[in-house]
Amino acid sequence: MDRFIALADPTRRRIIEMLGEGALAAGEITARFSISAPAISQHLKVLKEAGLVRVEVSGQRRIYRLDPDGLDTFDLWVKKVRGFWGSRLDILGQKLAQADSHEGETDE
């Protein structure tokens, strides 16, 4: 599953934010929401399939934590896009500065 699609949902984004603070059991995650346990389970499944979280079975508990590999891939994409736009915005800034410096000049 595409990571962006997985993160399009506000509940899943909130789960990622919570797991950013540390690993949590599925029950602990569910307790922080007003939706049903099966709904949270579906959200966790989507995040796992997208490679954003990992699950560890400990007895009858499922412990969820962020998957650094999935987050690194996402981070690399963001850096790539930011680099593309950063250079374009630098050029735009230079052009605007040139336009400002020529403002008020008259053609003679």
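Q: Is T30 buried or exposed in this model?
A: Let's start with the cut-off: a residue counts as buried when its relative accessible area is under 20%. This is a predicted model, and in it T30 has a relative accessibility of 18%, so T30 counts as buried.

Q: Where does T30 lie, and which residues does T30 touch?
A: T30 belongs to helix α3, which covers residues 26-31. Leaving aside residues up to four places away in sequence, T30 touches I35, A37 and I40.

Q: How do I read the way two helices pack?
A: Two packed helices are described by the angle between their axes and by the distance between those axes. Here, helix α4 (residues 37-49) and α2 pack at an angle of about 75°, and their axes are 10 Å apart. Angles of 65 to 115 degrees count as roughly perpendicular, and α2 and α4 are therefore roughly perpendicular to each other.

Q: Which residues make the contact of α2 and α4?
A: From α2 come T11, R12, I15 and I16, while α4 brings I40, H43, L44, V46 and L47. Sorted by class, the contact has six nonpolar residues, two polar ones and one charged one.

Q: How should I read a sheet?
A: Strands of a sheet pair through backbone hydrogen bonds, and the pairing is either parallel or antiparallel. In this structure, three strands form an open sheet in the order β1-β3-β2, with antiparallel pairing. β1 (24-25) and β2 (53-58) stand at the edges with a single partner strand each, so one side of each has no neighbour in the sheet.

Q: How many bridges join β1 to β3?
A: Two bridges join β1 to β3 (residues 61-66), and these strands run antiparallel. For A25, the bridge partner in β3 is I63.

Q: Which helix packs on the sheet?
A: That is helix α2 (residues 10-19), which touches β1, β2 and β3. The direction of α2 makes about 90° with that of β3.

Q: How many aromatic pairs does a search of the whole structure find?
A: The search finds one. Planes over 60 degrees apart count as edge-to-face. The rings of F4 and W77 have their planes at 70° and their centres 4.7 Å apart, so this pair is edge-to-face. The pair links distant parts of the chain, with F4 in helix α1 (residues 3-7) and W77 in helix α5 (residues 68-102), 73 residues apart.

Q: How accessible are F4 and W77?
A: F4 has 37% relative accessibility and counts as partly exposed. W77, at 42%, also counts as partly exposed.

Key. Residues numbered from 1 in each chain as written. Predicted model: local features only at pLDDT ≥ 70, side-chain atom pairs only at ≥ 80, totals over all residues. Heavy atoms only, no water. Pairing = 2+ DSSP bridges. Helix = DSSP H or I, 4+ residues; strand = E, 2+ residues; numbered from the N terminus. Contact = heavy atoms within 4.5 Å. Axes fitted to C-alpha atoms, helices over the stretch in contact; angles between N-to-C directions. Parallel < 35°, antiparallel > 145°, perpendicular 65-115°, else oblique. Nonpolar A, V, L, I, M, F, W, Y, C, P; charged D, E, K, R; others polar. Phe/Tyr/Trp six-rings, centres within 6.5 Å; stacked < 30°, edge-to-face > 60°. Buried < 20%, exposed > 50% of the residue type's maximum accessible area, 1.4 Å probe, protein only.
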